[in-house]
Amino acid sequence: MNKVNVYGSFTQALFFSGVVSIPKYLLTHYTEIGLTDREMIVLIQILCEAESNPYPSIAILAARMTATSTDIEEVVGHLVERKLLTIERYWNHNDQKWDNTYSFVKLIDELAELWAIERSQQLEEERTLKKHQSTPQAISTPINPSMENLVHTFEQELGRLLTHLECENLDRWLSSHFSEELIIEALRRGVSAGIRNFRYLDSILREWEKKGLRTRAEIEAEDAYFQARQEKKNAKPKNLVPKTTPNKYDNFYL
C-alpha cells in the first residue's frame with residue numbers, strides 16, 4: 001500500500017472513529033467559572049465516553065492522561081464537591097439494573113449564569129451609550145457611600161464591572177438591613193469556596209438572618225460554636241455511632 005493510500009485510509013478511519021461535541025462557550029470561558037486546565041481535560045474525557053459509558057472509571061480516565069489515578073480521583077472529587085459534576089442514578093434497560101451516570105446540569109447552570117451576566121452587561125453598556133448620545137449633560141444623583149464601597153469591593157474581587165442587576169442585588173441587601181460588613185463577609189466566604197454567584201451569597205445572608213446574626217463578631221462566634229460541637233462529636237469513642245451532622249451550608253441553592 002503506497003503512502004497516499006495509507007494517508008487516505010487513515011483520514012477515513014480518523015473521521016469514522018467519532019467526534020466529541022464540546023460547546024465553544026465552555027472552551028472559551030471555563031477559566032471564568034473556576035475550572036483548571038486539568039479539570040477541563042477530565043471533563044472532555046468524560047464527555048468522550050458519554051454515549052457508550054456514562055460513568056467511566058478513574059482508571060479509564062487516567063489511562064488517557066499523564067496524571068495518576070490519584071490525581072484524577074482528586075480532580076473528579078473537586079468537581080463533584082463544587083457540584084460542577086454530579087453523580088446520578090439511572091435505570092439501565094439493557095442490563096436491567098441501576099447504574100451511575102455523570103451529570104453536567106450544574107456546570108451548564110454556571111455557564112448560563114455567566115452568559116446572562118455578560119449579556120446583561122452588554123445590554124447595559126448599549127443602553128448607557130444611547131443615553132449619553134441622547135443626553136448632552138448627565139444629571140448627578142446622590143451616591144450612597146456604603147453602596148459605592150460595596151460596588152468597588154465586589155468589582156475588585158470578581159475582576160469585572162458589576163451589571164445593573166447585580167447592583168440592584170446589593171441595593172436590595174442594604175435595604176433589607178444587611179450591613180456592609182455582613183455583605184462583604186458573605187462575599188469573602190463565597191470567594192474562599194470558589195463560588196462567586198449572587199444566589200450563593202444571598203443564601204449565606206438569609207441563613208445569618210434566620211439565626212439573628214447581625215455582625216461579623218457574632219458570625220465568627222457561631223462558627224466557633226459549630227466547630228466546637230463538631231470536634232466534640234468527633235472525639236466520641238469509635239464504638240459509638242455518632243449522628244451524621246451535615247455541613248451548615250449544604251442546603252444552600254448554588
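**Note on the predicted model**

1. From the N terminus on, the elements of the protein chain follow the order α-α-α-α-α-β-β-α-α-α-α-α-α, which amounts to 11 helices and 2 strands. The model is a predicted one, and the remarks below should be read with that in mind. Of the 254 residues in the protein chain, 32% count as buried. Among contacts between residues at least 6 apart in sequence, 57% join residues that are at least 24 apart.

2. The largest nonpolar core holds 24 residues, and those that touch the most other members are Leu35, Val42, Ile72, Leu85 and Leu107. The elements that supply two or more residues to this core are α3 (37–49), α4 (58–63), α5 (69–81) and α6. Apart from this core lies another, of 23 residues, which includes Met147, Leu162, Ile204 and Ile219.

3. Leu107 deserves a separate look as one of the core residues with the most contacts to other members. When residues up to four places away in sequence are not counted, Leu107 touches Leu26, Ile33, Leu35, Leu43, Lys83 and Leu84; Leu35, which is in that list, is itself among the core residues named above.

4. The two strands, β1 (residues 86–92) and β2 (residues 97–103), pair in the antiparallel sense over 7 bridges, and within this pairing Thr86 stands opposite Ser103 in β2. Together β1 and β2 form a hairpin with 4 residues between them, and in the turn Gln96 has a positive phi of about 55 degrees.

5. Does the length of helix α7 agree or disagree with its number of residues? Helix α7 (residues 145–158) has 14 residues, which at 1.5 Å a residue should span 20 Å, and because its end C-alpha atoms are 20 Å apart, the two values agree. At the start of α7, a side-chain oxygen of Asn144 comes to within 2.9 Å of the backbone nitrogen of Ser146, while the helix is followed by Gly159, whose phi is positive, near 75 degrees.

6. The buried residues of α7 are Met147, Leu150, Val151, Thr153, Phe154 and Leu158. An α-helix has 3.6 residues a turn, so residues three or four places apart point the same way.

7. Leaving aside neighbours within four places in sequence, His29 is in contact with Leu114 and Glu118.

8. Arg127 lies in helix α6 (residues 105–134) and, with a relative accessible area of 47%, is partly exposed. The side chain of Arg127 is joined to that of Glu124 by a polar contact of 2.8 Å.

9. On cysteines, the structure holds 0 disulfides; a disulfide is a covalent bond between the sulfur atoms of two cysteines. Cys48 counts as partly exposed because its relative accessibility is 39%, and Cys167 is likewise partly exposed, with a relative accessible area of 22%.

Notes: Residues are numbered from 1 along each chain as its sequence is written. This is a predicted model: local features need pLDDT of at least 70, side-chain atom pairs count only at pLDDT 80 or more; totals for chains, interfaces and linings use all residues. Side-chain values use heavy atoms; hydrogens and water are left out. Contact means heavy atoms within 4.5 Å. A disulfide is a pair of cysteine sulfur atoms within 2.5 Å. Buried means under 20% relative accessible area, exposed over 50%, partly exposed in between (1.4 Å probe, protein chains only). A polar contact is a pair of N or O atoms within 3.5 Å; within protein, one must be able to donate a hydrogen and the other to accept it, and residues adjacent in sequence count only if both atoms are side-chain atoms. A nonpolar core is a set of buried Ala, Val, Leu, Ile, Met, Phe, Trp, Tyr and Cys residues joined through side-chain atoms within 4.5 Å. Two strands pair if DSSP finds at least two bridges between them. The expected span of a helix is 1.5 Å times one less than its number of residues.
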